[in-house]
Amino acid sequence: MNAEINTPRWEHFPHQGDVGVRGLGASMEEAFCGAALALTATIADLDTVAPKERVEVKCSAPDKEFLLVEWLNALVFEMATRQMLFSHFAVSIEDDHLVGEAWGEPVDRTKHDPAVEVKGATLSELHVERHKEGLWIAQCIVDV
C-alpha cells in the first residue's frame, strides 16, 4: 500500500439531516484513509474498534471524486455484509483504480455502542482536492 494513516486526520462537518465526512492528508491516499476513519467515527467511537481482521477492498471510477464515493460505499457494503467496523486503513490509488485494506472487528453492540447506520456516501458536497499548502482534502456527505 502506498499510504497508511497512523494519526487520525479526519473531521465531521454539519449537513441537514446527514453527516459530512472529511479526510485530510499529505497525499490523496492519506486523505481517503482519513475519510474512511470519519465514516467509522459516524457510527462508533474509533477507540473502541480493534484492528483485528483485514479486508481487501477494490474499486474504480472515472475520476478522483467518484473514486472517493466508490471507496466509502465499498466500505459501507463490507461493514453491512460482514457485520464489522473498521478502524485502520491503507490505500493505493493508480489512475482510476483503488486497492484498499481495512482492519477491524465484528460489531459488538455493548462494546461499540453504534449510534447510527450509514446507508451510503453521496455526491453532495463531494470534493477531492490538493490545496496550495500541499494538504489533500477528500470529503462528501454520508446518508444516515
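Reader: Which elements each supply at least two residues of the lining of the largest pocket?

Author: Happy to start there, bearing in mind that this is a predicted model. The largest pocket holds about 320 Å³ of space, and 13 residues line it. The elements that each give at least two residues to this lining are α2 and β5.

Reader: Which element gives the most to the lining of the largest pocket?

Author: I43, M79, A80, V107 and E117 are the lining residues that lie nearest the pocket's centre. By class, the lining has 10 nonpolar, 1 polar and 2 charged residues. The top contributor, with 3 residues, is α2.

Reader: Thanks! What pattern does the protein chain follow along the sequence?

Author: Let's count the elements before ordering them. The secondary structure comes to 3 helices and 9 strands. Read along the sequence, they give the pattern β-β-β-α-β-α-β-β-α-β-β-β.

Reader: How much of the chain is made up of buried residues?

Author: Contacts give some background here: of those with a separation of 6 or more, 65% are between residues 24 or more positions apart. As for burial, the share of the 144 residues that is buried is 50%.

Reader: Which element gives the most to the largest nonpolar core?

Author: That core has 43 residues, and F32, W71, L72, L75 and F89 touch the most other members. At least two core residues come from each of α1 (28–43), β4 (53–60), α2 (64–82), β5 (84–94), β6 (97–106) and β9 (136–143). The element that gives the most, with 11 residues, is α1.

Reader: Where is L126 found, and what does it touch beyond four places in sequence?

Author: L126 is found in the loop between β7 (120–121) and β8 (127–130). Its C-alpha atom is separated by 10 Å from that of K64, although the two are 62 residues apart along the chain. Not counting residues up to four places away in sequence, L126 touches E65, F66, L68, V69, Q139 and C140.

Reader: Is S60 exposed or partly exposed, and why?

Author: S60 lies in strand β4 and touches L67, E70, D96 and H97, leaving out residues up to four places away in sequence. D95 is 35 residues away in sequence, with 8.9 Å between the C-alpha atoms of S60 and D95. Because its relative accessibility is 39%, S60 counts as partly exposed.

Reader: And K52: is it buried or exposed, and why?

Author: K52 has its place in the loop between α1 and β4. Aside from neighbours within four places in sequence, K52 is in contact with G104 and E105. P14, 38 residues from K52 in sequence, is 31 Å away in space, C-alpha to C-alpha. Since exposed means over 50%, the 61% relative accessibility of K52 makes it exposed.

Technical notes. Residues are numbered from 1 along each chain as its sequence is written. This is a predicted model: local features need pLDDT of at least 70, side-chain atom pairs count only at pLDDT 80 or more; totals for chains, interfaces and linings use all residues. Side-chain values use heavy atoms; hydrogens and water are left out. A nonpolar core is a set of buried Ala, Val, Leu, Ile, Met, Phe, Trp, Tyr and Cys residues joined through side-chain atoms within 4.5 Å. Buried means under 20% relative accessible area, exposed over 50%, partly exposed in between (1.4 Å probe, protein chains only). On a 1 Å grid over the protein atoms alone, a cavity is a set of points where a 1.4 Å probe fits but cannot get out, and a pocket is an open set with protein on both sides within 12 Å along at least five of seven lines; lining residues have an atom within 4 Å of a point. Grid points are joined across faces, edges and corners, and a volume is the space filled by probe spheres set on the points. Ala, Val, Leu, Ile, Met, Phe, Trp, Tyr, Cys and Pro count as nonpolar, Asp, Glu, Lys and Arg as charged, and the others, Gly among them, as polar. Contact means heavy atoms within 4.5 Å.
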